[in-house]
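Subject: Structure handover

Hello,

Please find the structure below. My notes on strands and aromatic contacts follow it.

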Amino acid sequence: MNPITPDRSSFSLLLSAGWLLAGLAGVIVSTPSAAAQPMPIPEIVQKEGRFALLVDGAPFLILGAQCHNSSAWPAVLPKVWPAIDYLHANTLEIPIYWEQFEPEPGKYDTSIVDLILKQARERKVRLVLLWFATWKNGSSHYIPLWAKDQPGKFPLIVGRNGESVDSPSPHSSAALQADLSAFRAFMRHLKQVDAQRTVIMVQVENEPGAWGSVRDYSPTAEELFADPVPAQLLAALGTKAPAGANWTTAFGSDADEYFHAWSVARFIGQVAAAGKAEYPLPMYANAALRDPLTPGPANTYESGGPTDNVLGIWRAAAPALDVLAPDIYQHESARYRKVLELYARPDNPLFVPETGGPAGYPRFCFSALGLGAIGWAPFGLDYTSYSTEPQGAPRMTEEALAPIALNFKMLEPMMREVARLNFDGKLQAIAEEPGQARQTLDFGSWKAVITFGAGGRNNGTSGNPTPIGRALIAKLGENEFLVAGVYGKVDFTSPTGRKRSFRRVEEGGYENGVFKPIRIWNGDETDWGLSFFSAPQALRVVLSTY
Ligand code: DGJ
């Protein structure tokens, strides 16, 4: 019999107990008699261009936090969990280091994996495990010592002028086989020890690609570069180049970058496929981004990773990856939104596995939800005393974490509903934009009008002093909405031209999938619209006209 890993929200308790599945187009239902069976393996499903991550058989929203790079050690974990608890995060993203997992060739140390699983289960927190192996931020610093001692088998790439570059070559079959074997062992172990599905996704490598050279110019790479572009890639990209064209003929000035992207993606795709053959958890690769608005040439960003311009190459080269995910450290609103738009594609679920820490970023969780994200997770959220500057706070304290905690306190109790409503295309969410106090969302039968700024009788036309407002609205019925937000006001207008009346406004939360009111809002709370300040509230709103 396999124990279950209930999430913090009570809805998932019910799901875990009975595998009840509601609201998924035409799907499912099974019985509690299945209690002795393992939980279903998490998977990503698609419907009409929208995606859901199914965990325990139902849509799940990752409200995540990633710890610092060197925090996944037994002595350090006690400084990780208090931050996760304070945040109300439902998922911890945490590395597994190849150098720690395979200290000697073929000898695997699973102790840290087991410890992290145990501690996560004690806290009812899910895990996304990050396989730090051949690539970590474009380098190979996490390969085991025995691999570092064999530069012939684990070569670095060679720059255009023959210089050695601190980035692994994707052209070494020995390196591929070594990484792939270790990852296979890691996934095999996970399958054996995690029938509860505490681990819901795996990141394969970390920000792969190369800094300092657009591609490998070693003799081996040069030979491959002179070869014809694989027909599979030409077909996938719809390139008009003749069959047999080499990289330069087919792609001109993009050839170097495309060649490196293909080579890195092929390597990682094979690692992912080998792991999936053992245990098919959803898998993704994360990208160090280029500037989404003014990208510049390939030598100004990390080349070869899943940047927005080579997503098609990655899709063709690495079909075992379910998601190509942006690490967003660009806090300017237009850039952040553009990145989200570039990665939310019909062939790619939107997932933000890393983003900036507290300052300026928390509202973008709602921008991501508005584009159907299956999860959002800031980086560097633990108490190991490191700051997350320049992206975040100078010191990681509860005060610094509070703006993210506010998101998660609001969303976590209804994360199953939010994920399901998003999958069903019924949810819209926004962040406040600088200099734009008012936004309108069209729900057909009603328009929602969101104004940011101080609440009250004459409120909401000026915006907040800094843009910190966020709102989420989902259509539950023709005249019924779920509304949540902070630092703004939500009202509705009817396209019939008749005046809006709040027939009933209930504050409450979801229990076992059912909205349970704790009070009715009326008077000052509704007479000039629904004002949200800094409390994590959710409302069920029933409208009528007069
Ligand atoms: C992005 C990387 O993916 C993380 O592992 C970490 O190095 C952060 N950058 C640091 O800002």
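Strands E17 (residues 447–452) and E20 pair in the antiparallel sense, over six bridges. Pairing here requires at least two bridges found by DSSP between two strands. Strands (E, at least two residues) and helices (H or I, at least four) are DSSP runs, numbered from the N terminus. Within this pair, Lys-447 stands opposite Thr-493 of E20.

This is a predicted model: local features need pLDDT of at least 70, side-chain atom pairs count only at pLDDT 80 or more, and totals for chains, interfaces and linings use all residues. Numbering runs from 1 along each chain as its sequence is written, and side-chain values use heavy atoms, with hydrogens and water left out.

E20 also joins E23, again antiparallel, through three bridges. There, Val-490 has Leu-530 in E23 as its bridge partner. Strand E20 (residues 488–493) is largely enclosed by the rest of the structure, because five of its six residues are buried. Buried means under 20% relative accessible area; exposed is over 50%, and partly exposed lies in between (1.4 Å probe, protein chains only).

Now the rings. The whole structure holds 27 aromatic pairs. Rings of Phe, Tyr and Trp (its six-membered ring) pair if their centres lie within 6.5 Å; planes under 30 degrees apart count as stacked, over 60 as edge-to-face and the rest as tilted.

Trp-131 and Phe-186 are stacked, because their planes are at 15°, with ring centres 5.2 Å apart. Trp-131 belongs to strand E6 (residues 126–136) and Phe-186 to helix H6 (residues 173–193), so the pair ties together parts 55 residues apart in sequence. Both partners are buried: Trp-131 has a relative accessible area of 0%, and Phe-186 is at 1%.

Trp-521 and Phe-532 are tilted, because their planes are at 45°; the ring centres are 5.9 Å apart. Trp-521 sits in the loop between strand E22 (514–520) and strand E23 (530–532), while Phe-532 is in E23, so this pair ties together parts 11 residues apart in sequence. Trp-521 is buried at 4% relative accessibility. Phe-532 is buried at 2%.

One aromatic cluster is formed by Phe-101, Tyr-108, Trp-131, Phe-183 and Phe-186.

Finally, charges over rings. The criterion is NZ of Lys or CZ of Arg within 6 Å of the ring centre and within 35 degrees of the ring normal. Lys-47 places its charged end over the ring of Phe-423, 4.5 Å from the centre.

Best regards
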